[in-house]
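Here's a quick briefing to read alongside the model. Have the sequence and the 3D view open as you go.

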Amino acid sequence: MLEGAPAVVDLTLSRQRIDDDADAGTSVVWVPASSLASAPRRFVRLLGLSSRGWPQVATEDRLLSDHLVPSHVLDPQPRSAVDRGDFDAILATSADAVVLSRARRGADGRLLGRSPLLRDHPDGAHLGRNRVPEHAAGEVDRLTARPEEFASTAQARSAASCWASWASHSPTPHDGLVRPDHPVILSVLGRVHSANSLRKLLRDPLGFVWRYGLGLQAADSSQETLTLDDRAFGNLMHEVLELAVIALEAGDGAASSEAARRAALEGAVRAVADAWERGRAIPPAVVWRRVLDDVSVASWSALTHPDDAYEGQSSWVEVPFGGRGPKRAGGAVPWDPDLPVEIPGTGFRISGYIDRLDLSGDRASARVRDYKTGKPRGSDDVLAGGRELQRCIYGYAARVLLGGDVAIDASLHYPRERTCIALERPDAALADLARHLAAAGRSLGAGNALPGPDTEAGWNDLAFALPANAGEVYCPRKRASATAALGDAALVWEAP
């Protein structure tokens, strides 16, 4: 705290130097090449010697272009020349050995070329990763030295089969084909579903089985956050709206004045922000304040949307159904949340939380809202290729639990754009959805847990289980055969 304000503690900590009571001359050090060039060691290993890594490429200055000030005048000693000088100095001053290593592939799976520094120094022994080791330090080294023995193991046979299957254009067991009526498949089909799980079933059968059948999940990286992604922002806004509506319903509800709504919103923002700061990783202070401002603006738009208030209207937020419990202890709900809700003709039971429900005093009219923080969909989109299920599912659940005579207005609400898109012809939409879900269930039960459109999406959090660069190579290779194998289950991808 003596070196800076609490708001910049992350920067001051990065500059701290703590004595570890170790002699630097006899210890392994991790330093940039520029530091190593001035402090030579006996044994050295240089990392990142790829065509994109080192030496760093000299680029045009972003503020002073070459046509204004030539690069050689502005920077007479470019970074690439400095890197080459450091490399030559390290080779000349390292007493015993220098190991030069590079990655063969980048983070996206693309092949990386060798650094020009390696091409300029072809001398030396090349040590491949698949070489036979001089001394076996473990089972892996022993099997590497005995390829015939390794080839006879189950792991090697499975790996070779998987590699050949991935290279094939036809679907194979390594792409998701399983035997019909597999117990795991039947188990995940019989679970209580949410809108998200049904979307995954329709658009990514392979990921559906991975997530709900095998329990695969991506690692949580929220401990190193510099901002909030769309999902976290949406969760934050939902919590703010929940507290704000609860506060308003404790007063005049839909008839609350503008001042009362602003007070309820400000109190909700403070309470939610305090809870997040105490229990979650949040961005730096400046970014966090901007996020809270954006949440306040979006939430105010949601609270003041020009809907006609029902006579005697009551409102609820995060309304549970299908066996879900209230998110807050003692929270009031307009129905029995333990009652089962099943989509007709499919056998799929559903559950979830409705973002907001407005109900008239005579319980004859209900307004179901699902808040969205992304870009608005087209007004003609109903199922949107299986991507949009909330309006249909939540509207149907409200009708089942409130009674068949209730008039349901189900819509998507985009507070940032102050846009509300209602679901036209909900009965027809539900019939279409039931038909596609039944086809998806039959296909998966027959053993077709194959890739779908969302498998190759850039935001797929299970992409780590796919081959490298799957969106560019593997998924396009399998697309036609997987679509043909899925049959009627793939028709939802073209649904409006």
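Predicted model: local features only at pLDDT ≥ 70, side-chain atom pairs only at ≥ 80, totals over all residues.

Residues are numbered from 1 along each chain as its sequence is written, and side-chain values use heavy atoms, with hydrogens and water left out.

**Cysteines**

- Taking a disulfide as a pair of cysteine sulfur atoms within 2.5 Å, the count is zero.
- Cys162 is in no disulfide, and the nearest cysteine sulfur, from Cys475, sits 13 Å away.
- Cys392 is in no disulfide either, with the nearest cysteine sulfur, that of Cys420, 16 Å off.
- Cys392 is buried too, at 6% relative accessibility.

**Helix 15 against helix 16**

- Helices here are DSSP runs (H or I, at least four residues), strands are E runs of at least two, and both are numbered from the N terminus.
- The axes of helix 15 (residues 390-402) and helix 16 (residues 426-445) come within 10 Å and cross at roughly 110°; axes are lines fitted to C-alpha atoms, for helices over the stretch in contact, with angles from 0 to 180 degrees between N-to-C directions.
- That makes helix 15 and helix 16 roughly perpendicular (65 to 115 degrees; under 35 is roughly parallel, over 145 roughly antiparallel, the rest oblique).
- Helix 15 contributes Cys392, Ile393, Tyr396 and Arg399 to the contact, while helix 16 brings Pro426, Asp427, Ala429, Leu430 and Leu433; contact means heavy atoms within 4.5 Å.
- By class, this contact has seven nonpolar, no polar and two charged residues (Ala, Val, Leu, Ile, Met, Phe, Trp, Tyr, Cys and Pro are nonpolar; Asp, Glu, Lys and Arg charged; the others, Gly among them, polar).

**Around Gln56**

- Look for Gln56 in the loop between strand 1 (43-46) and helix 3 (71-74).
- Gln56 is partly exposed, at 32% relative accessibility.
- Leaving aside residues up to four places away in sequence, Gln56 touches Arg79, Ser80 and Asp83.
- Gln56 and Asp83 are 27 residues apart along the chain, with their C-alpha atoms separated by 7.1 Å.

**Pro6**

- Pro6 lies in the segment before helix 1 (9-14) and is exposed, with a relative accessible area of 59%.
- From Pro6 to Trp493 it's 487 residues in sequence and 51 Å in space, C-alpha to C-alpha.

Notes: Buried < 20%, exposed > 50% of the residue type's maximum accessible area, 1.4 Å probe, protein only.
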